[in-house]
Amino acid sequence: QTGEGASNLMRLTGTLGDETYYGFAAWFLLCAIVGGSVWNIGFLLMAADRYRASLVALAKTDDLTGLANRRGLRERMLKLERRSQRSGAPVVLMMIDMDRFKSINDGHGHAAGDAALAHVANTIHDFLEDDQFAARIGGDEFCVLLPRVGGAEAQQLADRLARRINRTPLNWNGHQITVSASIGLTEWRPGRARLVDSLDRADDMMFKAKRLRQPPAALALSA
(Lines give C-alpha, C1' and ligand atoms only; values in the text may rest on other atoms or scores of the structure.)
Protein backbone atom coordinates (compact mmCIF):
# COMPACT_ATOMS: atom_id res chain seq x y z
CA GLN A 1 0.00 0.00 0.00
CA THR A 2 2.88 2.38 0.77
CA GLY A 3 4.52 1.64 -2.58
CA GLU A 4 1.26 2.08 -4.44
CA GLY A 5 0.64 5.41 -2.72
CA ALA A 6 4.14 6.61 -3.56
CA SER A 7 3.76 5.67 -7.24
CA ASN A 8 0.44 7.54 -7.42
CA LEU A 9 2.06 10.64 -5.95
CA MET A 10 4.99 10.41 -8.39
CA ARG A 11 2.57 10.11 -11.32
CA LEU A 12 0.60 13.17 -10.18
CA THR A 13 3.79 15.22 -9.89
CA GLY A 14 5.02 14.04 -13.30
CA THR A 15 8.04 12.21 -11.89
CA LEU A 16 6.66 8.87 -13.13
CA GLY A 17 5.44 8.28 -16.66
CA ASP A 18 2.19 6.48 -17.49
CA GLU A 19 3.93 3.40 -18.93
CA THR A 20 6.16 3.00 -15.90
CA TYR A 21 3.25 3.70 -13.56
CA TYR A 22 1.07 1.00 -15.09
CA GLY A 23 3.98 -1.43 -14.87
CA PHE A 24 4.23 -0.71 -11.15
CA ALA A 25 0.44 -0.92 -10.78
CA ALA A 26 0.39 -4.40 -12.33
CA TRP A 27 3.16 -5.49 -9.97
CA PHE A 28 1.34 -4.08 -6.94
CA LEU A 29 -1.89 -5.80 -8.04
CA LEU A 30 -0.05 -9.12 -8.39
CA CYS A 31 1.49 -8.70 -4.93
CA ALA A 32 -1.93 -7.93 -3.45
CA ILE A 33 -3.48 -11.02 -5.07
CA VAL A 34 -0.62 -13.29 -3.97
CA GLY A 35 -0.57 -11.80 -0.47
CA GLY A 36 -4.32 -12.20 -0.10
CA SER A 37 -4.15 -15.79 -1.30
CA VAL A 38 -1.36 -16.65 1.12
CA TRP A 39 -3.32 -15.05 3.96
CA ASN A 40 -6.46 -17.00 3.04
CA ILE A 41 -4.53 -20.27 2.74
CA GLY A 42 -2.94 -19.67 6.15
CA PHE A 43 -6.34 -18.95 7.65
CA LEU A 44 -7.82 -22.10 6.08
CA LEU A 45 -4.93 -24.21 7.39
CA MET A 46 -5.40 -22.82 10.89
CA ALA A 47 -9.15 -23.49 10.73
CA ALA A 48 -8.55 -27.03 9.44
CA ASP A 49 -6.05 -27.70 12.21
CA ARG A 50 -8.49 -26.50 14.87
CA TYR A 51 -11.27 -28.59 13.32
CA ARG A 52 -9.04 -31.67 13.28
CA ALA A 53 -8.10 -31.11 16.95
CA SER A 54 -11.81 -30.80 17.82
CA LEU A 55 -12.59 -34.06 16.02
CA VAL A 56 -9.76 -35.84 17.86
CA ALA A 57 -11.07 -34.55 21.21
CA LEU A 58 -14.62 -35.63 20.35
CA ALA A 59 -13.41 -39.10 19.41
CA LYS A 60 -12.04 -39.53 22.94
CA THR A 61 -15.01 -38.01 24.82
CA ASP A 62 -18.30 -39.56 25.92
CA ASP A 63 -20.97 -37.24 24.55
CA LEU A 64 -23.50 -37.93 27.34
CA THR A 65 -21.32 -37.30 30.40
CA GLY A 66 -18.43 -35.23 29.05
CA LEU A 67 -15.94 -37.67 30.59
CA ALA A 68 -13.40 -39.55 28.53
CA ASN A 69 -14.62 -42.65 26.72
CA ARG A 70 -12.84 -46.02 26.49
CA ARG A 71 -10.49 -44.74 23.80
CA GLY A 72 -9.57 -41.70 25.88
CA LEU A 73 -9.03 -43.91 28.91
CA ARG A 74 -6.64 -46.23 27.10
CA GLU A 75 -4.65 -43.27 25.78
CA ARG A 76 -4.32 -41.82 29.28
CA MET A 77 -3.33 -45.24 30.66
CA LEU A 78 -0.47 -45.53 28.16
CA LYS A 79 0.84 -42.09 29.14
CA LEU A 80 0.44 -42.83 32.83
CA GLU A 81 2.20 -46.19 32.49
CA ARG A 82 5.24 -44.57 30.84
CA ARG A 83 5.35 -41.92 33.55
CA SER A 84 5.06 -44.50 36.33
CA GLN A 85 7.78 -46.65 34.77
CA ARG A 86 10.13 -43.68 35.18
CA SER A 87 9.02 -42.70 38.70
CA GLY A 88 8.25 -46.13 40.14
CA ALA A 89 4.98 -44.80 41.61
CA PRO A 90 1.90 -47.08 41.81
CA VAL A 91 -1.41 -46.48 40.08
CA VAL A 92 -4.78 -47.57 41.43
CA LEU A 93 -7.65 -48.39 39.07
CA MET A 94 -11.09 -47.79 40.49
CA MET A 95 -14.02 -49.43 38.69
CA ILE A 96 -17.44 -47.95 39.49
CA ASP A 97 -20.79 -49.48 38.58
CA MET A 98 -24.16 -47.94 39.38
CA ASP A 99 -26.51 -50.08 41.48
CA ARG A 100 -30.04 -50.80 40.24
CA PHE A 101 -29.58 -48.66 37.16
CA LYS A 102 -32.20 -50.68 35.26
CA SER A 103 -34.82 -49.77 37.88
CA ILE A 104 -34.24 -46.07 37.12
CA ASN A 105 -34.86 -46.66 33.42
CA ASP A 106 -37.89 -48.85 34.12
CA GLY A 107 -39.42 -46.59 36.75
CA HIS A 108 -38.70 -43.15 35.33
CA GLY A 109 -37.79 -43.64 31.66
CA HIS A 110 -34.57 -43.66 29.70
CA ALA A 111 -34.24 -39.88 29.84
CA ALA A 112 -34.02 -40.19 33.63
CA GLY A 113 -31.44 -42.94 33.18
CA ASP A 114 -29.33 -40.65 31.00
CA ALA A 115 -29.70 -37.88 33.58
CA ALA A 116 -28.59 -40.29 36.32
CA LEU A 117 -25.48 -41.23 34.34
CA ALA A 118 -24.59 -37.57 33.83
CA HIS A 119 -25.33 -36.89 37.51
CA VAL A 120 -22.98 -39.63 38.71
CA ALA A 121 -20.33 -38.54 36.20
CA ASN A 122 -20.47 -34.99 37.59
CA THR A 123 -20.23 -36.30 41.15
CA ILE A 124 -17.14 -38.32 40.25
CA HIS A 125 -15.56 -35.44 38.33
CA ASP A 126 -16.10 -32.97 41.18
CA PHE A 127 -14.66 -35.43 43.70
CA LEU A 128 -11.35 -36.04 41.94
CA GLU A 129 -8.09 -34.11 42.24
CA ASP A 130 -6.42 -32.47 39.25
CA ASP A 131 -4.09 -35.36 38.34
CA GLN A 132 -6.80 -38.01 38.71
CA PHE A 133 -8.75 -39.14 35.68
CA ALA A 134 -12.28 -40.48 35.11
CA ALA A 135 -13.90 -42.13 32.11
CA ARG A 136 -17.22 -43.70 31.23
CA ILE A 137 -16.33 -46.98 29.60
CA GLY A 138 -19.81 -48.18 28.70
CA GLY A 139 -23.33 -48.47 30.06
CA ASP A 140 -23.40 -47.47 33.71
CA GLU A 141 -19.74 -48.29 34.34
CA PHE A 142 -16.99 -45.79 35.05
CA CYS A 143 -13.25 -46.07 35.59
CA VAL A 144 -11.00 -43.79 37.63
CA LEU A 145 -7.20 -43.66 37.53
CA LEU A 146 -5.44 -42.63 40.75
CA PRO A 147 -1.72 -42.01 40.11
CA ARG A 148 0.77 -42.08 42.99
CA VAL A 149 -1.88 -43.49 45.36
CA GLY A 150 -1.39 -46.66 47.38
CA GLY A 151 -4.02 -49.29 48.06
CA ALA A 152 -4.99 -48.24 51.59
CA GLU A 153 -5.41 -44.59 50.64
CA ALA A 154 -7.33 -45.55 47.51
CA GLN A 155 -9.74 -47.66 49.52
CA GLN A 156 -10.50 -44.68 51.76
CA LEU A 157 -11.05 -42.50 48.69
CA ALA A 158 -13.37 -45.10 47.17
CA ASP A 159 -15.41 -45.31 50.35
CA ARG A 160 -15.76 -41.52 50.48
CA LEU A 161 -16.75 -41.38 46.80
CA ALA A 162 -19.35 -44.13 47.25
CA ARG A 163 -20.87 -42.22 50.16
CA ARG A 164 -20.83 -39.00 48.14
CA ILE A 165 -22.75 -40.69 45.31
CA ASN A 166 -25.23 -42.25 47.73
CA ARG A 167 -25.87 -38.97 49.54
CA THR A 168 -26.38 -36.93 46.38
CA PRO A 169 -29.78 -37.89 44.92
CA LEU A 170 -30.82 -36.93 41.41
CA ASN A 171 -33.64 -34.40 41.18
CA TRP A 172 -35.74 -35.41 38.18
CA ASN A 173 -39.12 -33.91 37.27
CA GLY A 174 -40.01 -33.27 40.88
CA HIS A 175 -38.72 -36.65 42.08
CA GLN A 176 -35.64 -37.41 44.12
CA ILE A 177 -34.00 -40.51 42.69
CA THR A 178 -31.48 -42.19 44.98
CA VAL A 179 -28.38 -43.47 43.23
CA SER A 180 -25.61 -45.65 44.60
CA ALA A 181 -22.56 -47.45 43.28
CA SER A 182 -20.34 -50.45 43.86
CA ILE A 183 -16.61 -49.94 43.56
CA GLY A 184 -13.74 -52.32 42.97
CA LEU A 185 -10.05 -51.46 43.23
CA THR A 186 -6.81 -52.87 41.97
CA GLU A 187 -3.30 -51.54 42.46
CA TRP A 188 -0.76 -51.63 39.61
CA ARG A 189 2.97 -51.17 40.04
CA PRO A 190 5.64 -50.71 37.35
CA GLY A 191 7.37 -53.87 36.25
CA ARG A 192 4.19 -55.95 36.21
CA ALA A 193 1.89 -56.54 33.26
CA ARG A 194 0.62 -53.56 31.31
CA LEU A 195 -1.56 -51.08 33.14
CA VAL A 196 -4.41 -51.67 30.69
CA ASP A 197 -4.45 -55.33 31.69
CA SER A 198 -5.53 -54.27 35.19
CA LEU A 199 -8.96 -53.27 33.88
CA ASP A 200 -10.27 -56.83 34.04
CA ARG A 201 -8.93 -57.31 37.56
CA ALA A 202 -10.57 -54.10 38.78
CA ASP A 203 -13.79 -55.16 37.06
CA ASP A 204 -13.71 -58.50 38.90
CA MET A 205 -13.26 -56.67 42.19
CA MET A 206 -16.21 -54.43 41.37
CA PHE A 207 -18.53 -57.38 40.75
CA LYS A 208 -17.28 -58.97 43.96
CA ALA A 209 -18.13 -55.74 45.76
CA LYS A 210 -21.60 -55.69 44.18
CA ARG A 211 -22.31 -59.25 45.34
CA LEU A 212 -21.46 -58.32 48.95
CA ARG A 213 -24.18 -55.64 48.93
CA GLN A 214 -22.80 -53.64 51.85
CA PRO A 215 -24.04 -50.01 51.85
CA PRO A 216 -23.08 -47.59 50.49
CA ALA A 217 -20.68 -49.72 48.45
CA ALA A 218 -18.57 -52.76 49.18
CA LEU A 219 -14.90 -52.20 48.49
CA ALA A 220 -12.33 -54.81 47.60
CA LEU A 221 -8.65 -54.42 46.83
CA SER A 222 -6.61 -56.69 44.57
CA ALA A 223 -2.84 -56.36 44.79
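Accessible areas come from the Shrake-Rupley method with a 1.4 Å probe.

**Figure 1. Overview of the predicted protein chain.** This is a predicted model. The protein chain exposes about 13100 Å². Carbon and sulfur atoms supply 54% of that area. Seven helices and seven strands make up its secondary-structure elements. Read from the N terminus, their order is α-α-α-β-α-α-β-β-α-β-β-β-α-β. The chain has 223 residues, and 41% of them count as buried. Take the contacts between residues at least 6 apart in sequence: 69% of these join residues at least 24 apart.

**Figure 2. Salt bridge between Asp97 and Lys210.** The whole structure holds 10 salt bridges. In one of them, the side chains of Asp97 and Lys210 meet at 3.0 Å, N to O. Asp97 belongs to strand S1 (residues 91–98) and Lys210 to helix H7 (residues 198–212), so this pair ties together parts that are 113 residues apart in sequence. Asp97 and Lys210 are both buried.

**Figure 3. Salt bridge between Lys210 and Asp99.** Here the side chains of Lys210 and Asp99 come together at 2.6 Å, N to O. Asp99 sits in the loop between S1 and helix H4 (101–108), while Lys210 is in helix H7, so the pair links parts that are 111 residues apart in sequence. Lys210 is buried, and Asp99 is buried too.

Figure 4. Asp140 is found in the loop between strand S2 (133–138) and S3. The residue is buried, yet no salt bridge is formed by Asp140. Which side chain of opposite charge is nearest to Asp140? That side chain is Lys210, 6.0 Å away. A salt bridge needs a side-chain nitrogen of Lys or Arg within 4 Å of a carboxyl oxygen of Asp or Glu. Leaving aside residues up to four places away in sequence, Asp140 touches Ile96, Asp97, Met98, Phe101 and Leu117.

Figure 5. The side chains of Arg194 and Asp197 meet in a salt bridge at 3.2 Å, N to O. Asp197 is partly exposed, with a relative accessible area of 36%.

**Figure 6. Positive surface patch around Arg76.** Four arginines form a positive surface patch: Arg76, Arg82, Arg83 and Arg86. Arg76 lies in helix H3 (residues 70–87). With a relative accessible area of 34%, Arg76 is partly exposed. Patch residues must have over 30% relative accessible area and no salt bridge, so Arg76 passes the area cut-off.

**Figure 7. Arg148, a positive phi in a loop.** Phi of Arg148 is near 60°. The value is positive, in a residue other than glycine. Where does Arg148 lie? Its place is the loop between strand S3 (141–147) and helix H6 (151–166).

**Figure 8. Asn173, a positive phi between two strands.** Asn173 is not a glycine, but its phi is positive, about 50°. The residue occupies the loop between strand S4 (170–172) and strand S5 (175–177). Is Asn173 buried or exposed? Asn173 is exposed, and its relative accessible area is 61%.

Terms used: Residues are numbered from 1 along each chain as its sequence is written. This is a predicted model: local features need pLDDT of at least 70, side-chain atom pairs count only at pLDDT 80 or more; totals for chains, interfaces and linings use all residues. Side-chain values use heavy atoms; hydrogens and water are left out. Patches are made of residues with over 30% relative accessible area and no salt bridge: like charges are joined within 9 Å, nonpolar side chains (Val, Leu, Ile, Met, Phe, Trp, Tyr) within 5 Å. Lys and Arg count as positive and Asp and Glu as negative; His and the chain ends are not counted. The place of a charge is taken as NZ of Lys, CZ of Arg, CG of Asp or CD of Glu. Helices (H or I, at least four residues) and strands (E, at least two) are DSSP runs, numbered from the N terminus. Buried means under 20% relative accessible area, exposed over 50%, partly exposed in between (1.4 Å probe, protein chains only). Contact means heavy atoms within 4.5 Å.
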